[in-house]
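Biologist: I have a model open and want to learn how to read it. Can you take me through some features one by one?

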Amino acid sequence: MARPHEELYELCDCLRSVNVELDSYEPESQHSPIIESSGEEMGEVKTQTREVLPGLRFLREEVKRDLQVFQKFLDDPGSTSLPPLSTNAPYLVAVWRELLQARGAVAIYRTFHTAAHPQASRKPKNGSAKGHSVKVDVVADNGRRWIRVNTIKNSRILMEFREMDSYLTSSDEDDGDGHSSLKKENLIPQEFDNSVLRMGRELLQAARANPHGSNEIPSVTMRLTRLNPSLSDEPRIAYTIDCLQRMGIDVQLGERQGIVKETDDISARPTVLEPTAHINLDLSALIALISDTTHSRLPRDSEDANTRFIPPQRYVEWKKQRVQMLSNSPDATSTWEDSGIHSRVLAEQAQQEMKKGLLQDMHDRLRSISPTLQNIQFWTTQEARQRCLQIVIKIAGTRERQRAEVLLSCSTCSGTTTIPTHNQFWVHSRYPSNFIPLIPIRLYPSSEPNTTSLESFQPNPSSPFMTSLALTCRDILSQEDISRLRESQSTPGHSAAPYLSNDEGDIPPAAVTLANPKLTVHTVQSMLWGATLGWTTLTTNRSSVKVLLKEMKRSAGGGVLTHKPPNEDDTARVSEAAIWIVKPRSLAEGSRSDYCSE
């Protein structure tokens, strides 16, 4: 004899399985097109696994809550005489199955506004949402596909039809006041409509208002788990489905059978990221290329590295006097301990160089795409060049200044009138001349890429990641006050700041963005140029990259930061890197214990 509410027991078992699987669920690993260069993990692509899938916690809480309600009802002996429990379990199970089968899932329970809105939210706040919004159960395909589950039954939509029919019938009964035609015109729907069609229209409207990337409208899938036109004589059920399909919605009928995640043999293949032939350099990369640590003789061991940056006695005495003098100033931020920390950082950078040098790493990676290195070019922004020269003039050593003059085609660092020749860049380097074709570093024609400045370039085909990065950078920079930027940056060009030889000539602070104070304007401008042209950006600024990735996810409504799938026929997949992060190299020559100013 069957138990009372047998269907509830089966649904409870199913929900219990979902609860267990949710506790062990791990989001799909995502590979960002970022080269992570270090002496220990050369050639590996860093896998970025999201710790939490946006919205997953809400689903887990709802499953646990419904499971508790189920258990309480079924454990009650008196439930056998009660009507079946009203539960949300069929919907929760359906959402879970869609999540398991979805590729590139980036969020669940995501709310999108049907009109252009600054930012999508995971969950609307009661009474605080402005305008109309719709919920997307699963955001898949890295944000390009929206999935919405609807558990409406045939019986429920038939009730809607009957309600509409009775409304139309009552409207036909003219009371003889002569206004029946006006009533019909105002009250009778001009088109066939119901709750399912309204949901579909709202999803499409929200998709158009929240494009993925620049202008890619997400596709919409509606999973109608319990609507079955073959089990009803009502033709309007089938017509409803037909209307959805003609709108452009992918309609899936019935519950998804099987919840085994499809495997992709291609995704299991190793991914190799390569830089582009044209390399975009930000300020931190320019400093690293000039640094004494990058070029000087390698320390014999860690002790030698530490000894190299022990301040000489004359510097110790000067520093003590300097700190004592500044201690009376309310703006003082320097302490004697700062010099010790600085020395340790420089020693660590020298030890990092011992594992594999920056230039050697660049040489090896670039030769993989251009064996003779003849096609390699290096570019930078005028703002990065200008700021690099300001820093070099202030704190660089003699040899570092010479390299800066050669690299950036400038003669003001040493106060001479002649720009050194290309070979002089390598004079005091442990590498042979022209080991990497760094010179000349080319300058972009404007602070930010625009229609005019892009006419002289042939950008690489843009990947989704590059497109998203460029859009994010443009969005950040669009919030800047142009007049404020002009005050903080002198006119770009080939001239450097005046020679600064005393403590009064401090390096002007870099302008930070209004959108995020952790980002500087010149860093975002550099990233924008690289992303727009489809070129790899070389940087040592890992923290800024992390902040930009967060901004990208926020502006993309939770989109995953993945690269374009490479050629599927390759055994090892090869992709072009958008960003290339290397270890920092500071201007270290002036801090060496054996440094003697010439």
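Modeller: Start with the ground rules. This is a predicted model: local features need pLDDT of at least 70, side-chain atom pairs count only at pLDDT 80 or more, and totals for chains, interfaces and linings use all residues. Residues are numbered from 1 along each chain as its sequence is written, and side-chain values use heavy atoms, with hydrogens and water left out.

Biologist: Let's take helices. What span should helix α14 have, at 1.5 Å a residue?

Modeller: Helices are DSSP runs of H or I with at least four residues, strands are runs of E with at least two, and both are numbered from the N terminus. The expected span of a helix is 1.5 Å times one less than its number of residues. Helix α14 covers residues 382-395, 14 residues, so it should span 20 Å. Its end C-alpha atoms are 20 Å apart, which agrees.

Biologist: How many residues of α14 are buried?

Modeller: Buried means under 20% relative accessible area, exposed means over 50%, and partly exposed lies in between (1.4 Å probe, protein chains only). In α14, twelve of the 14 residues are buried, so the helix is mostly covered. Among them are Q382, R385, C388 and I393.

Biologist: What covers the buried residues of α14?

Modeller: Look for contact, meaning heavy atoms within 4.5 Å. The cover includes two strands, β10 (377-380) and β11. It also includes the helices α8 (283-290), α15 and α18 (521-533).

Biologist: Where is the cis peptide bond?

Modeller: Check omega. The bond joins I439 and P440, with omega about 0°. P440 is in the loop between α15 (398-407) and β11 (442-443).

Biologist: Last, cysteines. How many disulfides are there?

Modeller: A disulfide is a covalent bond between the sulfur atoms of two cysteines. The rule here is a pair of cysteine sulfur atoms within 2.5 Å. By that rule the count is zero. Take C12: the nearest cysteine sulfur, that of C14, is 9.9 Å away.

Biologist: Is C12 buried or exposed?

Modeller: C12 is buried, at 2% relative accessible area. C473 also counts as buried, with 0% relative accessibility.
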